[in-house]
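Me: I would like to learn how to read the packing of a chain from its coordinates. Please take one feature at a time.

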Amino acid sequence: MTTRVGIKEVARLAGVSTATVSLVLNDRAAERIPASTQERVRRAALESGYAPNRLARSLRTRRTHTIGLISDRIATTPYAVRMVEAAQETARRHGHLLFLVSTGGDRELEQEAVAALLDQQVDGLVYACMWHRVVTDLPQGLPPGTVFLDGRPAGGGFPAVVPDDRGGAVAAVQHLVDAGHRRIAYVDIDEEPPPEASGLRHQGYLEVLERAGIQADPALHVRGRSDAAGGAEAASRVLDLPADRRPTALFCFNDRIAMGAYAAARRHGLEIPRDLSVVGYDDQQLIAAELDPGLTTVALPHHAMGRWAVEVLLGERERPTQDDGVVLMPCPLIRRESVGPPSVRDPDRRRV
């Protein structure tokens, strides 16, 4: 039978009192104990195989050093899994264990998950969504400190972090305008009801056109399924327009739609970026960087959002001060090779 190493053994090895060991290992040493002594205590604990009695500590501190993360489908979504990874890394860095429950969107299972995690006396909950959405049907019993990740509660009342989809679209379309494009199409997603990001990205698109003095053409706002085939079909509709109305650049709702736009361009005998510029959204792994040429796109800040949510939950970061409690995480533009100036054959090419 293995003998459990206790705090007295750590104190003996480090040559300090048990009180000093307790202060150091419970992160309460601060400036009262020299850094060299703290390091000696931690090294003695590591070398001796000391493991704290978490049950006893939780009874004393009323904290279990665990947090729960409830998600809809995030755990099975390859390009959103970085949120979970960041949340888990951040929790561990601050001495907490993350319990993940993926409900698959099942409302009954979601309610059961909230109750089960609270029964386990987790120190807090993160409610995560697979995509940016407004959550209108909250589970009952969410504790006051719950943090929303990639979604925001309809009635407010909880801190939340979501991607700045409008700002990301502004960066993407401005990049196309700066390259000289005047006829820019928005290849949107065709879903009912449309996702929150669809409208926000459309707002950013229109904002840049207006600022640049470009009249928005409704014929250049098309919708397609959220996959390569849907993107190809939607992009073909604008590429089939007469030459004087055909776009010289496409801003696509996501990278899968952009991948379809590449196929549509090839079928129309167009070369990217010589004849047509394309910008995507998501910076999805195995798509954006692997397309030929590499796709310029807007990255969703999954990792930064996951880290933010846990830091706010644990009090390591200030809670948002906005009235609605929502923080917009910047979506950076990732420049690759799919954007160039309009073709010299384009009669509306800007003189810059």
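Reply: Start with burial. In this predicted model, buried residues make up 49% of the 352 residues in the chain. The secondary structure consists of eleven helices and twelve strands.

Me: Among contacts between residues at least 6 apart in sequence, what percentage join residues at least 24 apart?

Reply: The share is 70%. An individual case is leucine 333 with glycine 168: they are 165 residues apart in sequence, yet their C-alpha atoms are 7.1 Å apart.

Me: Where is leucine 333 placed, and which residues does it contact beyond four places in sequence?

Reply: Leucine 333 belongs to strand 12, residues 333-334. Beyond its sequence neighbours, leucine 333 is in contact with Ala171, Ala172, His175, Thr296, Thr297 and Val298.

Me: Thr296 is on that list. Is threonine 296 buried or exposed?

Reply: The test is relative accessible area, with buried meaning under 20%. Threonine 296 has a value of 0%, so it is buried. Threonine 296 sits in the loop between strand 9 and strand 10 (297-298). Its contacts beyond four places in sequence include His175, Val278, Leu333, Arg335, Glu337 and Val339.

Me: What about leucine 295, buried or exposed?

Reply: Leucine 295 is buried because its relative accessible area is 0%. Leucine 295 also lies in the loop between strand 9 and strand 10. Among the residues it touches are Asp255, Ala258, Tyr262, Ala288 and Ile334. For Ala258 there is a C-alpha separation of 8.2 Å, across 37 residues of sequence.

Me: How many residues are in the largest nonpolar core, and which have the most contacts inside it?

Reply: A core is read as a connected set of buried nonpolar side chains. The largest one here has 48 residues, and those with the most contacts inside it are Val173, Ile184, Tyr205, Leu250, Phe251, Cys252 and Val278. Two or more residues each come from helix 7 (165-178), strand 6 (184-189), helix 8 (196-211), helix 9 (228-239), strand 8 (249-252), helix 10 (255-267) and strand 9 (277-279). A second, separate core has 21 residues, including Val147, Val312, Val327 and Met329.

Me: Which residues does phenylalanine 251 touch?

Reply: Leaving out residues up to four places away in sequence, phenylalanine 251 touches Ala169, Ala172, Val173, Leu176, Ala185, Tyr186, Val187, Arg201, Tyr205, Val279, Gly280 and Tyr281.

Me: At what angle do helix 7 and helix 8 pack?

Reply: Read the angle together with the axis distance. Helix 7 and helix 8 pack at about 40°, with axes 7 Å apart. That makes helix 7 oblique to helix 8. The crossing is right-handed. From helix 7, the residues in contact include Asp165, Ala169, Val173 and Val177; helix 8 contributes, among others, Leu200, Arg201, Tyr205 and Val208. By class, this contact has nine nonpolar, three polar and five charged residues.

Me: And at what angle do the axes of helix 1 and helix 2 cross?

Reply: The axes of helix 1 (residues 7-14) and helix 2 (residues 18-25) cross at roughly 105° and come within 8 Å. Angles of 65 to 115 degrees count as roughly perpendicular, so helix 1 is roughly perpendicular to helix 2. Ile7, Lys8, Val10 and Ala11 in helix 1 meet Thr18, Val21 and Ser22 in helix 2. These residues divide into four nonpolar, two polar and one charged.

Terms used. Residues numbered from 1 in each chain as written. Predicted model: local features only at pLDDT ≥ 70, side-chain atom pairs only at ≥ 80, totals over all residues. Heavy atoms only, no water. Core = buried A, V, L, I, M, F, W, Y, C linked by side-chain atoms within 4.5 Å. Buried < 20%, exposed > 50% of the residue type's maximum accessible area, 1.4 Å probe, protein only. Contact = heavy atoms within 4.5 Å. Axes fitted to C-alpha atoms, helices over the stretch in contact; angles between N-to-C directions. Parallel < 35°, antiparallel > 145°, perpendicular 65-115°, else oblique. Nonpolar A, V, L, I, M, F, W, Y, C, P; charged D, E, K, R; others polar. Left-handed = near helix turned anticlockwise from the far one by under 90°.
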